[in-house]
Amino acid sequence: MNEADARHLTHAINLSRRGLGRTWPNPAVGCVLVKSGRILGRGWTQPGGRPHAETMALAQAGDAAQGADAYVSLEPCAHHGRTPPCADALVNAGIARLICPMEDPDPRVSGKGLGRLRDAGVEVIMAPEFASEASDVNAGFLRRQELGRPLVTLKLALSLDGRIATVRGESRWITGPQARREVHLMRANHDAVLIGAGTARADDPMLDIRELGLADASPVRVIADGSLSLSLTSRLAQTAELQPLWICHKSEVERDRRAAWDAAGARTLPCATDGDTGALDLAELLQVLGREGITRILCEGGGQLAASLLRRDLVDRLVIMQAGLVLGRDGLAGVGAMADQSLADFARWRLVELRRIGSDTMSEFRPLR
């Protein structure tokens, strides 16, 4: 690879980010077609997972794609779904070279797309030095392929002393307007947003996207409500037919209660319970969401849900929005009770980003494994 190849492949990876939150269960892919230094076409996976990035780029390039180089952020698909394989489309267009950072782990594709291109005489160049960046974009898709569950981002809005609400239960608003807009952008980049029944009752939230012109990117709203206790007069219930609402509950809930939620436009998803506590088994809940196609989920729940996810080692990214105020020890802790263990046994996290947002700060951590 030369400098131009690196620049165009980076372009393709950056384009792939535009699909995040909208392409599930498909990966978010970017594609750039170049010939003689000129970009002929570019594309990214469209909402709903199709058209694919390669199809978009080829449509722009037309006949000029003959002899061009294709820079794709993930191995082109090789199976027939609702659309023909992208590997075949690139071959039929007469692509001369394909530059790609990584194979697709989906068993329907893994190595087969690259194999078709090589068999057709296309020069395939793998760029493993870009694999980390490309896999980070599709971390949710990869997590679902590997573990059967979505990538979990836990977001906490905290005071300087780690509180999410006052002693009276007030939590609106700990952080400022700029930080809240950032959270809405995070929602747009995730397939779903998850809260528990307690937060749903206390805040009566909408969990949509406002003020950013991204209302069409509002995520699936998932409520962990074992007994289906949330009121049918809540704002979530009243908007169930306008924005997807999924409620994860215990299998033994009253049939009439479940039927009422189904009639309101929500999806009710029975989940297994923890044998020790009787609460919803969050690992199984995430498996259920993975089977439904969810690849990236943003948790905005309260301290109990946060602690439960952390105790089960189910958090992949931890985002802390911290405001410049102190609420005191009587305030509600941002994270509930953790396991009784020695300090050395608690999970450690590495800081990957820290930036100022208005008068607040945002820090992102990843597990130190």
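Begin the tour by selecting L33, I95 and L98: within the largest nonpolar core, which has 40 residues, these three touch the most other members. The model on the screen is a predicted one.

Keep L98 selected and display its surroundings. Which residues does L98 touch, leaving aside those up to four places away in sequence? They are A70, V72, P76, L90, L114, L117, V122, E123, V124 and I125.

In soluble globular proteins, nonpolar side chains tend to be buried together.

Now colour the chain by domain. The domain assignment places residues 3-138 in domain 1 and residues 148-367 in domain 2. Where the two domains meet, domain 1 contributes seven residues to the contact and domain 2 contributes 16 residues. The centres of domain 1 and domain 2, taken over C-alpha atoms, lie 34 Å apart.

Turn to the interface itself. Between domain 1 and domain 2, about 840 Å² of area is buried, and carbon and sulfur atoms account for 48% of it. Select L20, R22 and W24, which together provide 61% of the area that domain 1 buries against domain 2, more than any other three residues.

How many salt bridges cross the interface of domain 1 and domain 2? The rule finds three. Two residue pairs in polar contact are also counted between the domains. On the side of domain 1 that touches domain 2, four residues are nonpolar, one is polar and two are charged.

Finally, select R317 and D136. This pair forms a salt bridge, with its closest N and O atoms 2.8 Å apart.

Methods:
Residues numbered from 1 in each chain as written. Predicted model: local features only at pLDDT ≥ 70, side-chain atom pairs only at ≥ 80, totals over all residues. Heavy atoms only, no water. Domains from an automatic or database assignment. Contact = heavy atoms within 4.5 Å. Buried area = accessible area lost by both parts, 1.4 Å probe. Salt bridge = Lys/Arg side-chain N within 4 Å of Asp/Glu carboxyl O. Polar contact = N/O pair within 3.5 Å; in protein donor to acceptor, adjacent residues only side chain to side chain. Nonpolar A, V, L, I, M, F, W, Y, C, P; charged D, E, K, R; others polar. Core = buried A, V, L, I, M, F, W, Y, C linked by side-chain atoms within 4.5 Å. Buried < 20%, exposed > 50% of the residue type's maximum accessible area, 1.4 Å probe, protein only.
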